Amino acid sequence: MSVDKNQAMIDFLLTCPTIQRSPLFFNFAKSKEDNNQVILLSNDVKLHEPYIDGSVMKQYRFILLSYKSISLNPIVKVPGYPDENLTEIAEFQEILDWVKEQAEASNFPDFGDKCVIDSMTVLSDNPTLYDVDNNVAPPLARYSITIQLDYLDNSLKLWQN
Amino acid sequence: MAFTSTLLEGQRAQRKLLVHVAEWKEGSETKREILGTRTEDSSIEFNPDIETMTDIRGITYTDVNKTEPQQTFDPFYILGGSALSDYLSQAALRNDINAYNGTFDVYIIQAYLKDGDAYYAVKHSGCSILPTSLGGDSFTAMPIEVHYSNNITEGSVDKLTDEFTFTPAVSTSTGD
């Protein structure tokens, strides 16, 4: 039975403690502080690697966005007054680190018994400033990370073992 | 048995329809494993020993003295659930060449040739499968070479799983 990989990925992300503290959306989300948004990327069939037993190595990639408030105040080195921008990005970094930890522990989303996940990689070591939404007041920064899963799709494999 | 092709006129046979299965014993247990998991490209090289002679009329005569079929599977990864990769890698690290010298039967199945529910197959008895290296970059790989014995039994298999039954053909041919 084929598994909805988007649902499997969402179910997986919802086990992240940092994500549990904030709403998670798929593809569409309101610009609101601390919202997290999964945007599915097109996964090019040209990147598929077919093997001689009929199995195919595929990729599943998506962007995870996080809406964060921004500060236009200069950084001051005063104890007890952390810079808001640094604090917000550090919070998103927690999600990135969590994904890496899960990958290292081979704790992957459940893509079903026809798929074997080989690796789950965050394609950067830190969140990227995706853009700033100036349509809301106050403006919100959107930070992003891209996550890629390489998995073996055995559904067209001829030999069953 | 009369095997016929299941391919449509002009249709190419997908690579997965040519199947290679290794069979070996570990203690009293017989194990089987399909070869080629996560291998992108692998072909049987028949390695014919050819002798040619051209007579004074300019006619060329060709003699094939023998073939020494061989096949490389590269990459061949150390994979969870792969008894063959466990067996071969341990043998390689022990330098136990007797573990892979002539200890394998290898089935070659043409899954596009069928007679009823049976698939055409040949069994090479006493083949050698040897690892050529062990290591790699992100994932541990152990490329292997299969040296076919040419001790061939022609027949068929009843299904495309590790639990298949090989049935020899009535007339058995043995190569030399």
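What pLDDT does chain B average, and what share of the residues score at least 70?

## Confidence of the model

This structure is a predicted model. Chain B averages a pLDDT of 95, and 97% of the residues score at least 70. For the complex, the predictor gives an ipTM of 0.84 together with a pTM of 0.85.

## Architecture of chain B

Chain B contains twelve strands and one helix. Read from the N terminus, the order of its elements is β-β-β-β-β-β-β-α-β-β-β-β-β. Along the principal axes, the C-alpha atoms of chain B fill a box of roughly 60 × 45 × 35 Å.

Chain B has 176 residues, of which 26% are buried. Considering contacts between residues at least 6 apart in the sequence of chain B, 59% join residues at least 24 apart.

## The nonpolar cores

The largest nonpolar core comprises 30 residues. Val21(B), Ala22(B), Val106(B), Ile109(B), Ala121(B) and Ile129(B) have the most contacts inside this core. Two or more residues come from each of β2 (18–26), α1, β8, β9 (118–131) and β10 (144–147) of chain B. Another core lies apart from it and has 22 residues, including Met9(A), Ile95(A), Ile145(A) and Leu149(A). In soluble globular proteins, nonpolar side chains tend to be buried together.

Val106(B) illustrates the contacts of a core residue. Leaving aside residues up to four places away in sequence, Val106(B) touches His20(B), Val21(B) and Ala22(B), as well as His124(B), Cys127(B), Val146(B) and Tyr148(B).

## The β5–β6 hairpin of chain B

Strand β5 (residues 48–54) of chain B runs antiparallel to β6(B), and seven bridges join the two. Within this pairing, Ile50(B) stands opposite Val64(B) of β6(B). Five residues lie between the strands of the hairpin, in which Gly58(B) adopts a positive phi near 90°.

Is strand β6 of chain B buried or in the open? Strand β6 covers residues 60–67, and of its eight residues the number buried is zero, so the strand lies largely in the open.

Most residues other than glycine have a negative phi, and most peptide bonds are trans. Two peptide bonds described here are cis: the one from Ala137(A) to Pro138(A), with omega near -5°, and the one from Asp74(B) to Pro75(B), with omega near 10°. Pro138(A) is located in the loop between β6 (128–133) and β7 (140–153) of chain A. Pro75(B) occupies the loop between β7 (70–73) and α1 (83–93) of chain B.

Positive phi values occur at Arg38(B), at about 65°, and at Asn95(B), near 55°; neither residue is a glycine. Arg38(B) sits in the loop between β3 (29–34) and β4 (44–45) of chain B, whereas Asn95(B) is in the loop between α1 and β8 (104–115).

## Contact between the chains

Chain A contributes nine residues that are in contact with 16 residues of chain B. On the side of chain A that touches chain B, four residues are nonpolar, three are polar and two are charged.

Notes:
Residues numbered from 1 in each chain as written. Chains lettered and ligands numbered in written order. Predicted model: local features only at pLDDT ≥ 70, side-chain atom pairs only at ≥ 80, totals over all residues. Contact = placed C-beta atoms within 7 Å. Nonpolar A, V, L, I, M, F, W, Y, C, P; charged D, E, K, R; others polar. Helix = DSSP H or I, 4+ residues; strand = E, 2+ residues; numbered from the N terminus. Buried ≥ 20, exposed ≤ 12 C-beta atoms within 10 Å, placed from the backbone. pLDDT = per-residue confidence, 0-100. Pairing = 2+ DSSP bridges. Core = buried A, V, L, I, M, F, W, Y, C linked by C-beta atoms within 7 Å.
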